[in-house]
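Open the model in your viewer and keep the selection tool at hand. Each stop says what to select and what is there.

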Amino acid sequence: MPDNRPELLRPELLRGVVHPWHHDIFGHMNVRHYAPFFDDASFFLYAAMDISINWLIEEFGIHIVSAKAETNFIKELVAGDGFIIDGAVSRIGRRSVTFHQRMTHVETGALHATYNLTEVFFDPKTRKSAPMPDEVRQRLTRHLLPE
């Protein structure tokens, strides 16, 4: 029986804090600053799911490329707010995977933003998409959100 405890399904990827220089003229974190936080969190997705990028390259001759990213802004963040970004798999395709990340307040647990990232498995020799290896699919499936 799979262990679907939230901490395993949605591993923590990043912790951060909002600084005054993240503010826009309206006094909250500007949308331009969400992208680097989610991108940094995305860097840790595969490792958190027991998939080494070096393993992908050395064992299968492939790597991943980002194909689509969508940010949803839900509740503003202000200077001094700490946040946590966690992630899970929302869809597994033949040649791609979509991750769902959440940015929540470190103290209140309030949801501030979500980020959906579709990544494609890529063969650098052919410069085309490649099928997802079965071993990778198995590891990603452990973090697949229920429908």
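**Before you start.** This is a predicted model: local features need pLDDT of at least 70 and side-chain atom pairs count only at pLDDT 80 or more, while totals for chains, interfaces and linings use all residues. Numbering starts from 1 along each chain as its sequence is written, and side-chain values use heavy atoms, with hydrogens and water left out.

**Stop 1: the core.** Select Ile85, Val97, Phe99, Met103, Phe121 and Leu140; these have the most contacts inside the largest nonpolar core, which has 30 residues. Such a core is a set of buried Ala, Val, Leu, Ile, Met, Phe, Trp, Tyr and Cys residues joined through side-chain atoms within 4.5 Å. Buried means under 20% relative accessible area, exposed over 50%, and partly exposed in between (1.4 Å probe, protein chains only). Now colour by element: strand E1 (12-17), H2, H3, E3, strand E4 (96-105), E5 and helix H5 (134-141) each supply at least two residues of this core. Helices (H or I, at least four residues) and strands (E, at least two) are DSSP runs, numbered from the N terminus.

Next, pick leucine 140. Beyond its neighbours within four places in sequence, its contacts include Met49, Ile51, Val89 and Ile92. Contact means heavy atoms within 4.5 Å. Move to isoleucine 92, in strand E3 (residues 82-92). With residues up to four places away not counted, isoleucine 92 touches Val97, Met132, Arg137, Leu140, Thr141 and Leu144.

**Stop 2: the largest pocket.** Which residues line the largest pocket? Select Asp39, Ser42, Phe43, Tyr46, Ala47, Ile53, Ile64, Ser66, Tyr115, Leu117 and Glu119. On a 1 Å grid over the protein atoms alone, a pocket is an open set of points where a 1.4 Å probe fits, with protein on both sides within 12 Å along at least five of seven lines; lining residues have an atom within 4 Å of a point. The volume is about 220 Å³, counted as the space filled by probe spheres set on the points. Helix H2 (34-43), helix H3 (45-48), strand E2 (63-73) and strand E5 (111-123) each supply at least two lining residues.

**Stop 3: glutamine 101.** Select glutamine 101 in strand E4. Is glutamine 101 buried or exposed? Glutamine 101 counts as buried because its relative accessibility is 0%. Its side chain joins that of serine 42 through a polar contact of 2.8 Å. A polar contact is a pair of N or O atoms within 3.5 Å; within protein, one must be able to donate a hydrogen and the other to accept it, and residues adjacent in sequence count only if both atoms are side-chain atoms. Ser42 is also one of the pocket-lining residues.

**Stop 4: glutamate 12.** Go to strand E1 and pick glutamate 12. Its side chain makes a polar contact of 2.7 Å with that of arginine 15. Glutamate 12 also touches Ile84, Ile85 and Asp86, leaving out residues up to four places away in sequence.

Stop 5: Select aspartate 50, in the loop between H3 and H4. Its phi is positive, near 65 degrees, and it is not a glycine. Most residues other than glycine have a negative phi. Arginine 127, between E5 and strand E6 (128-129), also has a positive phi, of about 60 degrees. Last, select serine 52: at the start of helix H4 (residues 53-60), its side-chain oxygen reaches to within 3.2 Å of the backbone nitrogen of asparagine 54. Glycine 61 follows H4, with a positive phi near 70 degrees.
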